[in-house]
Amino acid sequence: MTTYILWDVDGTLVRNGKDAGNLYHEAVELALGRPIANRLPNTHGKTDGQILRETLAAHGLPADLHSSASTHLDELSRQRHEAGNHRELCPGVHEALAATAARGWVNCLLTGNSALRSRYKVTGAGVDANAFDWTHSWFGEVSPVRSELTLRARAELPDDRLVIVGDTLNDDAAAAVAGIPFIGVATGVFTSDELRTTGAILVIDDLAHGLAELLDAVDGIRTPVSTP
Ligand SMILES: [Mg+2]
């Protein structure tokens with residue numbers, strides 16, 4: 001049995017972007033070829049695919065613009081990355097990834113971002129891309145909802161120990177759908193108290209202060225939790 005740590009990206013490994021919501025809006029405008037009205041609020045914990053779909057629907061635009069908008073989103077991220085517009089790393093990430101790897105656990109990503117955007121975000125924040133197993137990672141550029149990613153992860157690794165580390169209530173909800181234990185880290189928009197209202201097996205303030213507890217909690221997951 002292998003242990004896979006499925007890390008969320010935004011708010012968990014890297015600080016949330018100050019104006020990240022604009023990128024989705026801009027990607028839809030580029031796909032459409034003209035400006036659109038006000039952008040949608042509150043995208044935390046949603047997948048890229050979901051946010052683009054909701055943006056198109058909210059503005060009465062055809063759903064088939066999705067694929068073009070998704071391409072523009074990756075391209076906008078590339079431009080930001082290459083212009084040196086990088087995310088700040090959350091506290092304790094290097095140490096956490098080293099500690100889990102030292103135990104023989106596999107660090108993976110399960111995120112609403114596309115693979116390309118995830119790579120820009122983590123490497124831009126100073127993490128070596130090789131810290132993650134990219135073949136056992138699940139990305140949200142297409143999936144309409146986050147639980148589709150968790151269900152795929154569970155189905156692809158039915159006999160291994162999985163745990164999701166994330167910063168939003170959505171991360172917990174998606175983990176629960178797939179029967180995967182969830183550890184909350186309060187470096188995103190939700191406080192520790194808010195994350196404690198979820199089914200999390202552990203909530204920590206950040207990875208710098210909660211690493212020992214995180215390692216213990218993962219150690220305590222003895223068998224895969226069966227899918228309901
Ligand atoms: Mg997040």
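Helix 7 lies across strand 4 and strand 5 and runs at about 175° to strand 5. Angles run from 0 to 180 degrees between N-to-C directions, with axes fitted to C-alpha atoms, for helices over the stretch in contact. Helices (H or I, at least four residues) and strands (E, at least two) are DSSP runs, numbered from the N terminus.

Helix 7 covers residues 169-177, and its buried residues are Asn-170, Asp-171, Asp-172, Ala-174 and Ala-175. Buried means that 20 or more other C-beta atoms, placed from the backbone, lie within 10 Å of the residue's own. These residues pack against helix 6 (146-156), strand 4 (161-166) and strand 5 (182-185); contact requires C-beta atoms, placed from the backbone, within 7 Å. Gly-179, with a positive phi near 70°, follows helix 7.

The 6 strands form an open sheet in the order 3-2-1-4-5-6, with parallel pairing. Strand 3 (138-139) and strand 6 (202-204) are the edge strands, each pairing on one side only. Pairing requires at least two DSSP bridges between two strands. Strand 2 (residues 106-111) pairs with strand 3 in the parallel sense over 2 bridges, and Thr-111 stands opposite Phe-139 of strand 3.

## The whole chain

The protein chain has 9 helices and 6 strands. Its radius of gyration, taken over C-alpha atoms, is 17 Å, close to the 17 Å of the globule rule for 228 residues, so the chain is as compact as a globular protein of that length. The rule is 2.2 Å times the number of residues to the power 0.38. Buried residues make up 44% of the 228.

## Basis

This is a predicted model: local features need pLDDT of at least 70, side-chain atom pairs count only at pLDDT 80 or more, and totals for chains, interfaces and linings use all residues. Residues are numbered from 1 along each chain as its sequence is written.

Notes:
Buried ≥ 20, exposed ≤ 12 C-beta atoms within 10 Å, placed from the backbone. Contact = placed C-beta atoms within 7 Å.
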